[in-house]
Amino acid sequence: MARRHAAAVSAFLFLLLVGHCHGGKTGICYGRNADDLPGPDKVAQLVRQQSIKYVRIYDSNVDVIKAFANTSVELMVGVPNADLLAFSQYQSNVDTWLKNSILPYYPATVITYITVGAEITESPINVSALVVPAMRNVHAALKKVGLHKKITISSTHSLGVLSRSFPPSAGAFNSSYAHFLKPMLEFLVENQAPFMVDLYPYYAYQNSPSNVSLNYALFSPQSEGVIDPNTGLVYTNMFDAQVDSIFFALMALNFKTLKIMITETGWPHKGAAKETGATPDNAQTYNTNLIRHVVNDSGTPAKPGEEIDVYIFSLFNENRKPGIESERNWGLFSPDQSSIYSIDWTGRGNVDIMTGGNRSNGTWCVASTNVSETALQNGLNWACGPGNVDCSAIQPSQPCYQPDTLVSHASYAFNSYYQQNGATDVACGFGGAGMRTTKDPSYDTCVYMAAGSKISTKNSTATPAPSGSSLSLLAQCRTLLLPVLPIVIALGFL
């Protein structure tokens with residue numbers, strides 16, 4: 001009995017830990033408000049070619065759903081706001097929809113989420129009273145066919161659902177939405193569904209550039225930290241601050257266990273004359289840094305290490321969208337399926353960053369000797385953590401460990417980040433702790449990357465002494481699993 005109990009406990013621990021050894025998921029939003037897009041079959045092909053595994057669509061278009069059959073791509077389908085009345089009034093309407101639009105194509109097409117309503121607080125017609133009844137009817141329809149445990153139901157929100165988002169710890173839901181929010185949150189908890197929200201640091205920057213710096217909006221290492229005066233938590237990017245404002249708002253209503261999922265985020269690559277931040281460089285920088293942030297399980301200051309799933313907006317430009325110029329230019333791809341800028345969806349590879357002429361070959365980035373140790377340490381921690389630099393060379397017994405000084409270790413890490421991010425002035429900032437040089441800093445067997453080098457951006461498996469930076473995801477998993485693994489093996493589970 002004792003042996004069986006020990007075996008069960010060990011197996012449970014092993015599976016629990018393995019379950020945490022993967023990064024957050026990154027998907028793409030496939031909007032179709034355009035008259036020049038390729039057909040769904042070609043889009044499904046493109047998605048597979050890009051190794052994108054998660055796609056959000058905004059309706060349940062049968063042609064689109066069929067196109068993703070047998071691709072292993074996981075779909076998030078949507079019930080538009082215009083359908084909420086019919087879905088909330090009669091169960092039979094939902095049953096018929098499920099029978100005609102979902103069941104004929106499932107499970108050949110993998111459907112994992114159904115969003116009921118989208119940003120309802122932004123809708124010109126008040127449909128807020130309809131959304132929870134519609135969600136319940138969709139759940140009932142799924143339950144009848146045994147899919148309520150396999151397909152998750154939620155609804156998406158804009159950040160406008162909050163009455164306050166700064167500082168993050170003061171995040172609070174708008175009280176005028178309480179009539180539908182409380183029952184919705186209870187539904188989500190009961191069905192283990194995430195709270196879905198669309199976040200756009202771009203708009204925070206565009207609407208208030210004097211208060212929100214571009215570096216802060218783009219996850220840049222040069223960003224000056226913003227301190228939450230209530231918690232003392234330091235925020236180095238707007239995305240984390242927005243996520244945590246939702247978390248604190250949920251916590252204020254005693255729903256702190258709800259997982260938060262980001263169902264839209266991104267950056268436009270083109271805008272009107274006054275939209276100076278809407279450029280291909282900035283769009284690529286934001287999305288590249290976002291993916292790394294997600295894959296590394298960096299979490300947020302309030303929930304460090306927490307997995308966050310995100311969907312990038314969007315797959316294509318949509319030429320029929322109304323509004324200012326940027327509204328039609330969020331796409332990663334043009335209608336002819338050519339990429340507007342390159343993205344590494346793994347978050348661990350080298351990306352050819354597009355730059356506006358500031359790139360210079362034959363240069364390196366090293367640590368300045370005229371800044372404080374704190375500034376160097378912060379830069380080193382960032383490069384070897386969220387910056388996704390491979391810092392294994394500055395570990396003990398490795399080629400660049402000696403001299404064992406902060407300046408030397410920071411120089412190696414700064415340069416690696418600099419080279420893998422386009423060798424631009426911006427990539428050597430580190431809040432003033434980095435400086436460019438034309439003299440190769442390589443020495444003995446310690447070789448610094450240079451333009452044209454094959455760059456490894458995999459995280460190191462140990463913390464660079466004396467940095468104190470976080471272990472990589474792989475190292476964390478290894479640290480957790482190794483003590484349990486012999487027990488599991490001895491008990492016959494592997």
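Biologist: What is the volume of the largest cavity?

Modeller: Some ground rules come before the value. This is a predicted model, where local features need pLDDT of at least 70, side-chain atom pairs count only at pLDDT 80 or more, and totals for chains, interfaces and linings use all residues. Residues are numbered from 1 along each chain as its sequence is written, and side-chain values use heavy atoms, with hydrogens and water left out. On a 1 Å grid over the protein atoms alone, a cavity is a set of points where a 1.4 Å probe fits but cannot get out, and the volume, the space filled by probe spheres set on points joined across faces, edges and corners, is here about 100 Å³.

Biologist: Which helix gives the largest share of the lining of the largest cavity?

Modeller: Lining residues have an atom within 4 Å of a point, and here they include Val243, Asp244 and Phe247. Helices (H or I, at least four residues) and strands (E, at least two) are DSSP runs, numbered from the N terminus. The largest share, 3 residues, comes from helix 10.

Biologist: How many charged residues are in the lining of the second largest cavity?

Modeller: This cavity has a volume of about 50 Å³, and Lys25, Glu74 and Asp309 are among its lining residues. Asp, Glu, Lys and Arg count as charged, Ala, Val, Leu, Ile, Met, Phe, Trp, Tyr, Cys and Pro as nonpolar, and the others, Gly among them, as polar. By class the lining has 5 nonpolar residues, 3 polar ones and, to answer you, charged residues numbering 3.

Biologist: Which strand gives the largest share of the lining of the second largest pocket?

Modeller: A pocket is an open set with protein on both sides within 12 Å along at least five of seven lines. This one has a volume of about 780 Å³. Of its 29 lining residues, those closest to the centre include Tyr58 and Lys321. The largest share of the lining, 3 residues, is from strand 4.

Biologist: In what order do the 8 strands close into a barrel?

Modeller: Two strands pair if DSSP finds at least two bridges between them. For example, 2 bridges join strand 1 to strand 2, which run parallel. The pairing in the barrel is parallel, and its order is 1-2-3-4-5-8-11-12.

Biologist: Which residue in strand 2 is the bridge partner of Cys29?

Modeller: Strand 2 covers residues 54-56. In that strand, Cys29 has as its bridge partner Arg56.
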